[in-house]
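User: Can you walk me through this one? I'd like the sheet, a helix and the aromatic contacts.

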Amino acid sequence: MEKLYVYDDKYQKSRGMDLKIAESNKPIMEVLSLKGKTAIVTGGARGLGFHVVNRLCEAGAEVMIVDIAIEFAEDAVEYFTNKGYNVKFKEADIRYIDQINNAVAATIEAFGKIDILVNNAAIWSMNRFLNMTEETWDDTIDTDLKGNVFFCQAVAKEMVKQNIKGKIVNIASVAGLSMESPYGFLPHYSASKGGLVSISQSLARELKPLGITINCVLPGGMLTPGALHTEGMDASMYEVHQKSPRTPLTQNPDDVARVVFMMCTDVSAFMHGSTVVADGGARLMIQE
């Protein structure tokens, strides 16, 4: 009977190659370290963004919070500063490209460079499609899609200028993969998040040769201040919501923030244009 494996000199040499590679690999704590790195986290004043800032700082990064929620951002900076972290704040509405550019310039002025961008800022509301207004559509698309895309552009330009092998992590949503609420009411939000997934894959082709890694994290339901103050849901929509199957909802956004953190480290070095789902099983219709 023919042997499937031949233990000859060639095999021994390949084992030697494996050992040599293993010995040259970074220790895992170095892979996870962000010491000396500077990050921008949009929407970092509260919710998921706040927890992302916390994890990045914990690993040694300096962070610029970019947000429109001034009071929350100031409280966040005070909290992180008291923990010994180097965190600053720049107010910016990412619907406007000039404000994006100002935020990037402020980060360069404060820290000298940008190694990581976490595009987390977003708005959302529940709306019946037949009642959708142009203003609601435009605000959502301009924030959740256009704003994130042009933040990618502004940061990527700085990374290329300084020859930084940077990382961009876009926060989309399972809603962008048609795993929205079972009753709908999110056509504008789903369109923006689906677009962000798609454009992240497209940008990965252009940015990889420039040394920039871009990937997407897709959260499911999270109990955040934004979720607690959902706009647009009337009594009839709420009734439909109450009768619908309940998919997992994490009460601790850090469940997702840890995944975002991982994508900011060298753990994701071999990932380009990936979509990483962190939804507690919602896409598999796992229920609470």
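Analyst: We'll take the sheet, then a helix and a loop residue, then the rings. This is a predicted model: local features need pLDDT of at least 70, side-chain atom pairs count only at pLDDT 80 or more, and totals for chains, interfaces and linings use all residues. Residues are numbered from 1 along each chain as its sequence is written, and side-chain values use heavy atoms, with hydrogens and water left out.

User: Sheet first. How many strands, and in what order?

Analyst: Seven strands form an open sheet. The order is E3-E2-E1-E4-E5-E6-E9, with parallel pairing. Strands (E, at least two residues) and helices (H or I, at least four) are DSSP runs, numbered from the N terminus. Two strands pair if DSSP finds at least two bridges between them.

User: Which strands stand at the edges?

Analyst: Strand E3 (87-91) and strand E9 (275-278). Each has a single partner strand, so one side of each is left without a neighbour in the sheet.

User: And how much are neighbouring strands turned against each other?

Analyst: By 20° on average, direction ignored. Axes here are lines fitted to C-alpha atoms, for helices over the stretch in contact, and angles run from 0 to 180 degrees between N-to-C directions.

User: Is E1 buried or exposed?

Analyst: Five of the five residues of strand E1 (residues 38-42) are buried, so E1 is largely enclosed by the rest of the structure. Buried means under 20% relative accessible area, exposed over 50%, partly exposed in between (1.4 Å probe, protein chains only).

User: Which residues sit on which side of E1?

Analyst: Thr38, Ile40 and Thr42 are on one side, Ala39 and Val41 on the other. All are buried, so both faces are covered by the definition's cut-off. In a regular strand the side chains alternate between the two faces of the sheet.

User: What does E1 pair with?

Analyst: Strand E2 (residues 62-67), in the parallel sense, over five bridges. Thr42 has Val66 in E2 as its bridge partner.

User: Now E6. Buried or exposed?

Analyst: Seven of the seven residues of E6 are buried, so that strand is largely enclosed by the rest of the structure. Thr213, Asn215, Val217 and Pro219 cover one side. Ile214, Cys216 and Leu218 are on the other.

User: How many bridges join E5 to E6?

Analyst: Five, between strand E5 (residues 167-171) and E6, and they run parallel. Lys167 stands opposite Thr213 in E6.

User: And how many between E6 and E9?

Analyst: Four, again in the parallel sense, with E6 spanning residues 213-219. In E9, Val276 is the bridge partner of Val217, and Val277 is the bridge partner of Leu218.

User: Where does Gly221 lie?

Analyst: In strand E7 (residues 221-222). Gly221 counts as partly exposed, at 32% relative accessibility. Its C-alpha is 9.3 Å from that of Ala278, 57 residues apart along the chain.

User: Where does H6 bend?

Analyst: At Asp142, by about 40°. The bend is the angle between axes fitted to the seven residues ending there and the seven starting there.

User: What follows H6?

Analyst: Asn163, which is found in the loop between H6 and E5. Its phi is near 55°, a positive value in a residue other than glycine. Asn163 is exposed, with a relative accessible area of 55%.

User: Last topic, aromatics. How many pairs?

Analyst: Four aromatic pairs. Rings of Phe, Tyr and Trp (its six-membered ring) pair if their centres lie within 6.5 Å; planes under 30 degrees apart count as stacked, over 60 as edge-to-face and the rest as tilted. Phe50 and Tyr79 have ring centres 5.5 Å apart and planes at 40°, so the pair is tilted. Phe50 is in helix H3 (residues 47-58) and Tyr79 in helix H4 (residues 70-82), 29 residues apart.

User: What about Tyr79 and Phe80?

Analyst: Their ring centres are 5.3 Å apart and the planes are at 70°, so that pair is edge-to-face. Tyr79 counts as partly exposed at 39% relative accessibility, whereas Phe80 is buried at 0%.

User: Which residues make up the cluster?

Analyst: Ring pairs link Phe50, Tyr79, Phe80 and Tyr85.
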